[in-house]
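Below are some comments on the model you sent.

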Amino acid sequence: MDPIFLWTLIFVVLTFSLYIYIAYRSRVSDTEGFYVAGHGVPAIANGAAVGADWMSAASFISLAGIVAFSGYGGSVFLMGWTGGYVLLALLLAPYLRKFGKYTVPDFVGDRYSETARLVAAIAAIFVSLTYVAGQMRGVGIVFSRFLGLGIVGGVILGMVVVFFYAVLGGMKGITWTQVAQYSVLIVAYLIPAVAIAFTLSGNPIPQIGFGEIAQELNGVQADLGFAEYTAAFTDPSRNLLNMILITAALMIGTAGLPHVIVRFYTTKTVRDARASAFWALFFIALLYTTAPAIAVFAKSNFIDDVNNVAVDQLPQWVSDWQDAELITINDKNGDGIITYSPGEADDPESANEITPDRDIMVLANPQIAGLPAPVVGLVAAGGLAAALSTASGLMLVISSSVAHDFYYKRLRPDASEDQQLRVARITMGFAILVAGYFGVNPPGFVAQVVAFAFGLAAATFFPVIVLGIFWKRTNAAGATAGMAVGLIFTATYIFATVPADAGALFFGAPRPFDITPEGIGTIGAILNFIVTITVSKMTAPPPQKMMDLIEEVRYPGEAPVTRAH
Amino acid sequence: MDESQREQYWRTNLRLMTALLSVWFIVSFGFSILLVEQLNKIVVLGFPLGFWFAQQGSIITFVILIAIYVWRMDRLDDDYGVSDRGPTDVNR
């Protein structure tokens with residue numbers, strides 16, 4: 001039997017059994033346990049859970065590949081997806097924990113109005129649904145490449161496992177599985193990185209060793225006709241303005257993503273909420289500082305392995321990924337030798353003869369570097385951990401938005417605990433089915449959809465939550481108008497300017513100042529701030545009771561102000 | 001806590017926040033984007049410095065910023081007797 005297949009199978013069975021065991025141990029029987037793990041998660045554990053929740057298939061599988069093929073331009077993701085945690089820790093986490101409810105729409109609804117809650121709930125569901133589609137896809141890729149199960153079989157198996165721990169244990173089951181999933185994914189990410197760093201640079205710490213290799217890569221790329229790897233602003237979609245806008249949109253979007261924010265409701269105290277924000281970014285930074293090193297190592301190894309190599313002498317990993325249809329080879333000049341240069345392999349105008357899908361870089365990396373089969377199997381299990389943990393966190397947001405914000409808060413305020421819990425579990429099951437459907441039939445525009453999720457989160461949630469805490473004068477009219485303007489502006493720009501070939505809803509209109517749709521959330525957020533402030537000032541201030549509530553949220557351990565009144 | 005203490009606590013919090021967010025801004029948008037080309041002329045351990053800030057330095061700075069925030073806010077809460085250490089805490 002193929003050793004890679006065998007080891008992947010062993011690691012997948014081991015980790016999946018662990019997740020199911022944890023799920024069984026953390027069953028819940030009330031809504032507080034189901035939505036926020038009973039507000040009882042220790043700071044470090046919550047940090048690890050945030051890490052797993054946050055680091056999706058995109059972080060684990062795609063990030064290093066994206067950086068490898070865009071060099072400095074890839075920094076927007078590295079800074080954007082970590083810098084958001086500074087905003088989250090300083091501006092949101094402690095206050096939302098003190099506020100102490102179940103969902104993000106809860107805050108918006110209680111602080112502003114029921115209409116605002118409705119807008120927030122719809123946005124939360126939409127953002128989470130678009131995001132979850134990409135996760136199940138990651139599960140499918142891993143299964144089809146390493147276990148020959150086919151994408152459908154892989155997605156169904158992943159759904160069954162998530163169903164088990166998410167429906168049974170809600171947030172509590174999800175949290176403790178995420179802690180385990182973080183451990184699996186970080187070990188799986190670091191082991192090959194250390195091994196490759198040591199082989200290539202002689203230094204086992206990838207973060208230190210990749211500087212020299214990046215310098216060599218600069219030379220290699222220049223010889224092949226590419227821009228230097230570390231040079232800034234070489235691509236128009238990553239010019240100065242776009243670098244700033246995209247980085248800011250990803251940062252603000254990160255701080256506005258419901259599935260990340262709700263994790264800070266789960267800690268015991270405000271003190272723990274702050275501490276867990278630190279642990280979260282610390283755990284995330286372990287992977288995010290390693291990714292750019294892997295990117296450089298993988299790119300160097302890749303060029304070494306394929307450029308100027310005879311077609312019939314390409315290494316085994318190339319044909320493995322060719323079978324999975326994730327590498328395109330096209331010997332255009334018929335000389336029997338692969339030439340790697342700018343452009344696409346299937347474009348007759350370009351001299352390039354090999355185009356890898358950039359998503360394969362992390363998964364193929366151990367094999368490219370000639371690491372033993374157990375490491376390859378471990379990386380596959382890590383990719384699954386990353387995808388499943390994020391998917392389950394997103395499903396909880398969908399389930400709680402429907403069961404808590406719609407069913408309980410709007411339809412049936414008199415529903416009993418048991419009824420609420422039943423609705424939450426049913427929606428969870430339904431969300432898993434929808435995610436599975438998207439995993440098997442992915443929308444053709446996943447990349448645009450992710451830009452959409454961040455842009456919307458940045459342009460709707462972040463401004464009204466921050467203003468709601470730091471400016472007591474913010475009122476319902478202002479927040480509703482701000483969210484609506486941010487949402488409509490951002491969505492319109494994305495639909496109008498994403499190239500028409502991405503789908504029927506997109507029009508590929510010319511872009512003012514070359515601003516890419518990925519960065520438009522920043523402008524949307526600024527508009528939201530301006531509109532919320534202006535409209536709030538023009539209308540009546542919020543009631544005194546609300547001002548007291550905000551006052552109370554600012555002082556962590558103080559008894560609620562409302563009691564004194 | 002009386003009214004002036006409340007105000008003092010909140011102002012200290014806002015000052016700390018502003019200082020930390022300024023560093024956050026300077027390192028990410030300043031060093032890593034606006035000044036990247038100038039900093040890239042300096043090379044340390046093989047890394048052009050601007051590139052290093054964009055892919056390593058900024059992330060490390062973010063972690064340190066949150067660590068400082070956690071540490072200072074825990075102390076501030078204790079100083080004003082508003083620390084939230086859970087239901088068993090006597091201050092509550």
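1. The interface comes first. In this predicted model, 41 residues of chain A are in contact with 43 residues of chain B. On the chain A side, the elements that give two or more residues are α5 (75-99), α9 (206-223), α10 (240-256) and α12 (270-306). The largest share comes from α12(A), with 12 residues.

2. As to composition, the side of chain A that touches chain B has 24 nonpolar, 11 polar and 6 charged residues.

3. With 17 residues at 1.5 Å a residue, α10(A) should span 24 Å, and the end C-alpha atoms are 24 Å apart, so the two agree. The expected span takes 1.5 Å times one less than the number of residues. As for burial, α10(A) is mostly covered, with 14 of its 17 residues buried.

4. Helix α3 of chain A (residues 43-54) passes the same kind of check: 12 residues at 1.5 Å a residue should span 16 Å, and the end C-alpha atoms are 16 Å apart, which agrees.

5. How many of the 12 residues of α3(A) are buried? The count is 11, so α3(A) is mostly covered, a residue being buried if 20 or more other C-beta atoms lie within 10 Å of its own. Among the buried residues are A43(A), N46(A), G47(A), G51(A), D53(A) and W54(A).

6. What do the buried residues of α3(A) pack against? Their partners are α8 (150-201), α11 (258-261), α12 and α15 (373-411) of chain A. Of these, α12(A) also gives 12 residues to the side of chain A that touches chain B.

Terms used. Residues are numbered from 1 along each chain as its sequence is written. Chains are lettered from A and ligands numbered from 1 in the order in which they are written. This is a predicted model: local features need pLDDT of at least 70, side-chain atom pairs count only at pLDDT 80 or more; totals for chains, interfaces and linings use all residues. Two residues are in contact if their C-beta atoms, placed from the backbone, lie within 7 Å. Helices (H or I, at least four residues) and strands (E, at least two) are DSSP runs, numbered from the N terminus. Ala, Val, Leu, Ile, Met, Phe, Trp, Tyr, Cys and Pro count as nonpolar, Asp, Glu, Lys and Arg as charged, and the others, Gly among them, as polar.
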